[in-house]
Amino acid sequence: MKVWIFNHYAQPSNYPGGTRHFDLAKSLKKFGCKVSIFSSSFHYTLLKELLPKFKLFSKKNYEDVDFILLKTVGYKNNGFFRLLNIISYPISLVLYLLFSRFEKPSFIIGSTVHPFAGLIGCLLAKLFRVPHVFEIRDLWPETFIDMNVWYKHSLMSRFFYAIESFTVKNSSAFIVLSPLTIDYLKDRYNVEPSNVLLLPNGVNESFCLGNKTIPSSNLREEVHIKYVGGLDSVHGLDFLLEVAKCLPAHYKVTFVGDGKDKGRLMARANSLSLDNVTFLPPVAKQDVPNVLKDSNLLFLSTADVFYGSENKLYEYMSAGKPIIVASNATHNNPVVVLDCGIVLDRNDSEGSSRKLEAYVAENAKDFNEIGERGYDYVINNRTTSILAEKLFKFLQSIDL
């Protein structure tokens, strides 16, 4: 079985960023699958071009997984050049196929965030007469409408609704990361739930084993909270700065990562005189376990994003640490059911800081036990090998 995955933002583990498809591809090998991942050569977190100036594409192999890096337009913020970056991805992909030798795939998986990966996947699947599996990690324009960035009946929204409609109606099956997306597809497009695989993000087993917790330090002397991931507006990280402002001095907050919002967040922390807040550069995904180990609590935050699955949530849980969740998407919030952390109200930073202090005071002696509950859940439900087996069986069931 030869599987092509079109994901603009896919990364191997030696770079920061999402490794969902890289990890799945490695696990699919044991089922006899050969996976090729087509991604952009411009790194969305580092905002850095990974290919030489005059090279349009490059095929690299990481742990027996082929990555085809496609040259796309660089950018520094969410402006015109970001749009060109998105549009240039399918163009570069087609150019690669025109000028390269390749074996016809058995399946094409077109994966959002942006919808052009699904669109080009759908069109090429028709050309090759193979099934197209539309993986929806985010909905355009629905997510932007939820975030009040676009109006529901604006020209931009109508344009992306049209792309979505074409892709959905011409796909053979669907992978979604949120149960809300199953309902969305059923209600809007009459898609049968049996034709949809719910496959949330997971954690590579080696990541789990290298990420095991170390005993908590004396929390009366220092409480160390970490956020590891993209510093972009979608995560609503101003909330953590507001909470940090209200916390005692022995609470230390560290942001590890990069992104288009980093400069603004750093400036805001400085303007608020937050001496207890530190910003560190991003690290490769394979180094994240070591970064998480010396923290006491791990912070997860999203704004009004309801159709995805938080990648860092399960990475955090695999560290065996209590999780602080500030998210309006309840499906990304299993800490209440598992009792492996605390939920804060994004609309009340002052009240949230008091709630967090009380939580630490009441539960400090049980932090390792609390973290262990999250760890056990990941090991039994969210490892990549478990998810890859589900994906393989699902692909086997698909008809053109």
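Rings of Phe, Tyr and Trp (its six-membered ring) count as a pair if their centres lie within 6.5 Å, with planes under 30 degrees apart called stacked, over 60 edge-to-face and the rest tilted. By that rule the structure holds 26 aromatic pairs. This is a predicted model, in which local features need pLDDT of at least 70 and side-chain atom pairs count only at pLDDT 80 or more, while totals for chains, interfaces and linings use all residues. Residues are numbered from 1 along each chain as its sequence is written, and side-chain values use heavy atoms, with hydrogens and water left out.

Select W4 and F102, an edge-to-face pair with 5.4 Å from centre to centre and 70° between the planes. W4 belongs to strand β1 and F102 to the loop between α2 and β7, so the pair ties together parts 98 residues apart in sequence; helices (H or I, at least four residues) and strands (E, at least two) are DSSP runs, numbered from the N terminus. W4 counts as buried at 5% relative accessibility, whereas F102 is partly exposed, with a relative accessible area of 35%; buried means under 20% relative accessible area, exposed over 50%, and partly exposed in between (1.4 Å probe, protein chains only).

Next, show F31 and F392, whose ring centres are 4.8 Å apart with planes at 15°, so the pair is stacked. F31 sits in the loop between α1 (20-28) and β2 (34-40) and F392 in helix α15 (residues 384-396), 361 residues apart. F31 is partly exposed at 26% relative accessible area, while F392, at 13%, counts as buried.

Now return to W4, whose bridge partner in β7 is I108, and follow I108 across to H132, its bridge partner in β8. The chain passes from β7 through helix α3 (residues 116-128) to β8 in a right-handed β-α-β crossover, a term that applies if, with the strands pointing away from the viewer, the path from the first strand over the helix to the second runs clockwise. Strand β1 (residues 2-6) runs parallel to β7, joined by 4 bridges, and 4 bridges also join β7 to the parallel strand β8 (residues 132-136); strands pair if DSSP finds at least two bridges between them.
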